[in-house]
Amino acid sequence: FEREAHGVRTTAAAHRLVELSRRVLASVDELDFQVRRLASGATGRIRLGSFPTGSVRVLPGVLSGFARERSGVEVTLEEGEPDELVDALVDGDLDVVLLYEYGLCPREWPDDVTTHALLREDLLLLRPAGGPASGELSRLRDQRWITSREGTAGASSLTRLCASAGFSPSITFRSNNYDVVRELVAATGGVAVVPALGHRDDDRIAASKLPQASAYRTVFAAHRAGNSNPLLSDFLAATRRAVPTSPHLTSL
């Protein structure tokens, strides 16, 4: 300011500071507005992880429903197998992951991971259409078997199912891609056991539910117990609402 006989007046520098401060104060107001939106869950980000079959059969419904409810929220996706996803979850790189557990291969998750059971899938026996009608594993001991990569829960589950029927399966082909498994069943006459989410109706293939009580796979949503993301509860609710159901899929 400049002193005058009867008061003060603003200088040219003061007028310039006023112009500059308007932009600064507007930025502060915008920052405050965005912080409030983040805190309320009106905007933000969910970092999601899923196994490939869940990405195909579960996530489309989840993401479309959540997008309608929370249009200002960004959702990112990383795919992997349960062990990889849990490691990323514990490290804080993901907010929510979809996991699975076979009935014959129970899992123990880290103490700080909270799980929510979403659905239970039947395990289906796949064999060429028009072949032997029996779905009993004991009658398929001499067949060529197709399963997932060695050491996976799916492969271990098959070994244990066959052991309960009194034999060890002769594995001819291995693939973690259920489309590949289905094509191999149709093309080679082999047989396979896949979870219901991994199968699509195919006229070339006969699919039947295995009768063993332990022939199932459970799908979970999981997050860190201490995750403070305000979007978490709404995303879990949207996931539960979008769980698919069918004769071989049961919501939990």
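I looked up Glu-183 to begin with: at 38% relative accessibility it counts as partly exposed, where buried means under 20% relative accessible area, exposed over 50% and partly exposed in between, with a 1.4 Å probe and protein chains only. I worked on a predicted model, in which local features need pLDDT of at least 70, side-chain atom pairs count only at pLDDT 80 or more, and totals for chains, interfaces and linings use all residues. Residues are numbered from 1 along each chain as its sequence is written, and side-chain values use heavy atoms, with hydrogens and water left out.

I placed Glu-183 in helix H6, residues 178-188; helices (H or I, at least four residues) and strands (E, at least two) are DSSP runs, numbered from the N terminus.

Pro-247. I found Pro-247 in the loop between H7 and strand S12 (249-251). Pro-247 counts as exposed, at 77% relative accessibility.

Whole chain. I noted 7 helices and 12 strands in the protein chain. Of its 252 residues, 40% count as buried. For contacts (heavy atoms within 4.5 Å), I took those with a separation of 6 or more; residues 24 or more positions apart account for 77% of them.

Strand S9. I checked S9 (residues 191-195) for burial: 5 of the 5 residues are buried, so the strand is largely enclosed by the rest of the structure. Both faces are covered, with Val-191, Val-193 and Pro-195 on one side and Ala-192 and Val-194 on the other. I then looked at its partners, where two strands pair if DSSP finds at least two bridges between them. S6 and S9 run antiparallel and are joined by 4 bridges; Leu-123 stands opposite Pro-195 in S9. S7 (residues 144-147) pairs with S9 in the parallel sense over 2 bridges, and Ile-146 stands opposite Ala-192.

Thr-147. I stayed with S7, where Thr-147 has its place. Thr-147 is buried, with a relative accessible area of 6%. Leaving aside neighbours within four places in sequence, I listed its contacts as Gly-154, Ala-155, Leu-158, Ile-171, Phe-173, Arg-174 and Ser-175.

Helix H7. Which residues of H7 (residues 232-241) are buried? I found Leu-232, Phe-235, Leu-236, Ala-238 and Thr-239. They cover an arc of only 160° around the axis, which puts them on the same side of H7; the arc is that of the directions from the helix axis to the C-beta atoms. The buried residues of H7 pack against strands S3 (44-50), S5 (96-102), S6 (113-128) and S11 (216-224), and against helix H3 (59-69).

H3 and H7. I read a packing angle of about 130°, with the axes 9 Å apart; axes are lines fitted to C-alpha atoms, for helices over the stretch in contact, and angles run from 0 to 180 degrees between N-to-C directions. H3 and H7 are therefore oblique to each other, since angles under 35 degrees count as roughly parallel, over 145 as roughly antiparallel, 65 to 115 as roughly perpendicular and the rest as oblique. On the H3 side I noted Val-62, Leu-63, Phe-66 and Glu-69 in the contact, and on the H7 side Asp-234, Phe-235, Ala-238, Thr-239 and Arg-241.
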